[in-house]
Amino acid sequence: MKLKKWFLLLVMGLSLALVLAACGKKDNASGGDKSGGDKKEEVEQVFNLMIGDYIPTMDSSKATDQYAFLFLNATMEGLYRLGPEGKIEEGIAKSHEVSEDGLTWTFHLRDNAKWSNGDPVTAHDFVYAWRRAVDPNTGSEYGPYMMNGVIKNATAVSSGEKPVEELGVRAEDDYTLVVELEHPVPYFESLTTFGTFLPLNQKFVEEKGDQYALSSDDLVYNGPFKLVDWASTQGEGDEFALVKNPDYWDAKSVKLERMNYVIVKDTKTGVDLYNQGKVDRTGLSSDLVDQYASHEDFRVVPEASVFYLKMNEVRNGEKTPLANKNIRNAIARAINKEEYVNEVLNNGSLVANGLIPKNFVTVPDSGKDFRDVNGDLITYDPDLAKEYWEKGLQELGVTSLTIELLGDDGSTAKLTGEYFKNQLEKTLPGLTIELKNVPFEQRLEADNKQDYELQVAGWGPDYLDPNTFMSLWVTDGGNNKMGYSNPEYDRLIEEAATTYALDNAKRYENFLKAEKILMEDAAIAPLYQRQSAYLWSPKLQGVIVNTFGADFEYKWAYAAPVED
């Protein structure tokens, strides 16, 4: 997303209860009909929607959050994009072939794709964008995360050991892109649908300089829609829109003329706007689900996004109490997750007792769901939590601890923080939880700087493979950001990516073992697999809920007539 993913999917505001990227979201929340039917012309092709916070950036090289990837997907197009039921559809690429050894991918691009400034979209735009994403001078988080160990020389380039020109991507001609991989990557085709792999118009980006992608006037588009009246600055651009891009190569397939957006952080405000007919979809917080469960527009959308407590072991160069394995194991078992999902979230979310979500991938040969095979690895157990806690305090030589819990400033996030504080302090004697709620963008910054102790975070898959979750926690990984390190875990993930790249059964064996190590270490504390409750107008048709990557796909969406 995520993350990302995709997709980082580090958000708790349910005003736009998304993610990502995600899910057992294999069903289409609005039918997925590309045709739009005969009725689509009878109504104004406009959606009125909300998001829960500001979009921090629209720079595809620097985006890390679900909001950015959602709007990048709407306004840009890469080699391929996701269609109904997760099927990969043509994008700028019309076709590709792969060498027998799986290391060289040759993409054939269409010659009728344009940027919104009239420039043609060429293979050179992909070369520039991918090089920029791994260039250490760019400071991209997702570029190295998505490309290191995948694209030839990406790791050496991102570490400054080789020049960007040696990245394994080249334009054979204007409409032929050749990509060389470090090793075979079974999921590479789906990877190309992700936002980090989008092309960039080099001339435009360099003309804009530091202002690139900070407002709708500082962007150029090659996708189905364009942004208008948007700015990344807090306090500006509270209302903005996506409008149909007439220069998009497949504009004939785009039925929507406009999607109006307003930033709404409070779920009750969102429901009021929905009831007033001012917005066409709103997320529901737990206190509103029971009230609206019988409403004809009530809908629960399944996802594969997993949320967890990140436990930071090193903050500002100093070890935190969470560097102690017993303290982490205590916290991981001290929260009643069943009660939390049923009473606090109350939106159909599922208890998570491992990292890989239910109904995401199946284990080769057996065909069984990954989650069923590995089972419940960390469950609520207050007695065992106390045992771990006492051992941890003894090892640290203290009788009490104060730990900060970082969260978003949305209403559901605040409620979550209060619940976790109560649970942890009640179960673990001597523990004091200090709550710190900040705007979404500030939380991303704190995570990136590793300036926190505990935080509620989430991840929606960026591609259809366990690696999208498992690679998060390798030593010094771009999304680790909590000082976790286990050499055996690293070895298993590295082998899955290299030694067993063409042996899916062996790959999955490694993933199963690695997840158990992660949970034994209590590196993170799994909480829940999100499902999102909405009031969703029947006017919104053809909206695809993606299995991974951007939460929603609007290319084929349309506004249908609604009976009074």
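A search of the whole structure, a predicted model, finds 32 aromatic pairs. Rings of Phe, Tyr and Trp (its six-membered ring) pair if their centres lie within 6.5 Å; planes under 30 degrees apart count as stacked, over 60 as edge-to-face and the rest as tilted. Trp130 belongs to helix H2 (residues 123–134), and Phe197 to the loop between helix H5 (188–191) and helix H6 (202–208). The two are 67 residues apart. Helices (H or I, at least four residues) and strands (E, at least two) are DSSP runs, numbered from the N terminus. Trp130 and Phe197 are both buried (under 20% relative accessible area, with exposed over 50% and partly exposed in between; 1.4 Å probe, protein chains only).

Tyr308 and Trp473 are also edge-to-face, at 5.6 Å centre to centre and 85 degrees between the planes. This pair links strand S12 (residues 298–311), which holds Tyr308, to the loop between helix H15 (467–470) and helix H16 (487–497), which holds Trp473. The separation is 165 residues. Tyr308 is buried at 2% relative accessibility, and Trp473 at 1%.

One aromatic cluster is formed by Phe47, Tyr534, Trp536, Phe552 and Tyr554. The charged end of Arg281 sits over the ring of Trp536, 4.9 Å from its centre. Arg110 places its charged end over the ring of Trp249, 3.4 Å from the centre. A charge sits over a ring if NZ of Lys or CZ of Arg is within 6 Å of the ring centre and within 35 degrees of the ring normal.

The whole structure has 27 salt bridges (a side-chain nitrogen of Lys or Arg within 4 Å of a carboxyl oxygen of Asp or Glu). Arg81 and Glu77 meet at 2.6 Å, N to O. Arg81 is buried at 2%, Glu77 at 1%. Lys539 and Asp280 meet at 3.2 Å, and both are buried. This bridge links distant parts of the chain, 259 residues apart. Asp447 and Lys310 meet at 2.8 Å. Asp447 lies in helix H14 (residues 440–448) and Lys310 in strand S12, so the pair ties together parts that are 137 residues apart in sequence. A network of salt bridges links Lys152, Arg170, Glu172 and Glu180.

Residues are numbered from 1 along each chain as its sequence is written, and side-chain values use heavy atoms, leaving out hydrogens and water. Local features need pLDDT of at least 70, side-chain atom pairs count only at pLDDT 80 or more, and totals for chains, interfaces and linings use all residues.
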